[in-house]
Amino acid sequence: MFTVTCETAVDWRETARLATEAFGGPPFDPARLRWTYETCFAEGAEVVALRVDGAKVGQLVILRHALMIDRRRESAGLFVDLFVLPAHRSREALAALFAAAEDSFRALGIRFAVGMPNHRSLPLNSHLFAMKTVAVLPLHMGLVLRAPDADVITRRVDDLEPERLAALCERYATPVEGTGLPWDGAGLARRLSGPGHDYALHLLPDVMAVSSPRRSRGIPHTLICAFLSRDGASVAQGDLRRLIRAACAVWRRPVFAYCGFRSDLPNIPGIRLPRVLRPSPLLVQLRDFRANGDPPDLDRYQLIDSDFA
């Protein structure tokens, strides 16, 4: 018999161990899990736990954040870290998790469910939670061979005090127009403060890039987590290239990757990978609990808006 409850006190070591066993990849870090659930988006998380005879065997986590829709701030929740241990996987177990998650969305008054599913979660989100795909994120990759430009200012996040980091980021806060996650200086500073990853800011007067050194499929690369511009400023493609060169130089990784989109940006440098070569579906799904029609289209969604970056 499965029981499903919302955890009020998460055992971080146990959850990291179970997630590692369920996903079968690199070990999950308890400190990173706690930061992601409690701090990443500042509004906390609902951890929906699946248990058998009192032992946790699965979960679904809702990271609470906001979406700007038509200049209004709306509540939303991002699905992350869905798993059930192999010995307990069944449609019944998954249906119980998704039913409890729906109850949580309705009880908490959260308007939008957001998902970035992997190949296995995609049909579950669609069939068990009625989520609809609103965006397929482009993935661009390229190779930088030129030295960085001297006029791009680069700052490692670890070298900045929180107040200084927030002040730098505030200049590039997201506008209230359009549909997407809102970021101000304090929110961006908090988002880049988590354990387990290094970040850097690359600054020009009207646009900033956030980068991080990563490795995927054995390939070390520079991940461009986001491009953020000053409100009302137009961004030239040449500026994007200059920021990418600065990012690759600071991490000494000439291969770069950028996944995401902003409707107000020019063409992204690099080659857009075909879907057959992408490591994941890299799509965004939404469900609107207050409307019966299709959810709104997004004007922007970058990896910094998820738990991936």
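I took helices (H or I, at least four residues) and strands (E, at least two) as DSSP runs, numbered from the N terminus. The expected span of a helix is 1.5 Å times one less than its number of residues. This is a predicted model, so I kept to its limits: local features need pLDDT of at least 70, side-chain atom pairs count only at pLDDT 80 or more, and totals for chains, interfaces and linings use all residues. Residues are numbered from 1 along each chain as its sequence is written, and side-chain values use heavy atoms, with hydrogens and water left out.

Helix 7. I checked the length of residues 237-251: at 1.5 Å a residue, the 15 residues should span 21 Å, and the end C-alpha atoms are 22 Å apart, which agrees. Its buried residues (under 20% relative accessible area, 1.4 Å probe, protein chains only) include Leu240, Leu243, Ala247 and Trp251. Just after helix 7, Arg252 takes a positive phi of about 55°.

Cores. I counted a nonpolar core as buried Ala, Val, Leu, Ile, Met, Phe, Trp, Tyr and Cys residues joined through side-chain atoms within 4.5 Å. The largest has 56 residues, and Leu201, Val284 and Tyr301 have the most contacts inside it. Apart from it lies another core of 27 residues, including Ile62 and Phe83.

Tyr301. Leaving out residues up to four places away in sequence, I found that Tyr301 touches residues including Leu78, Met116, Phe261 and Val284.

Definitions and conventions:
Buried means under 20% relative accessible area, exposed over 50%, partly exposed in between (1.4 Å probe, protein chains only). Contact means heavy atoms within 4.5 Å.
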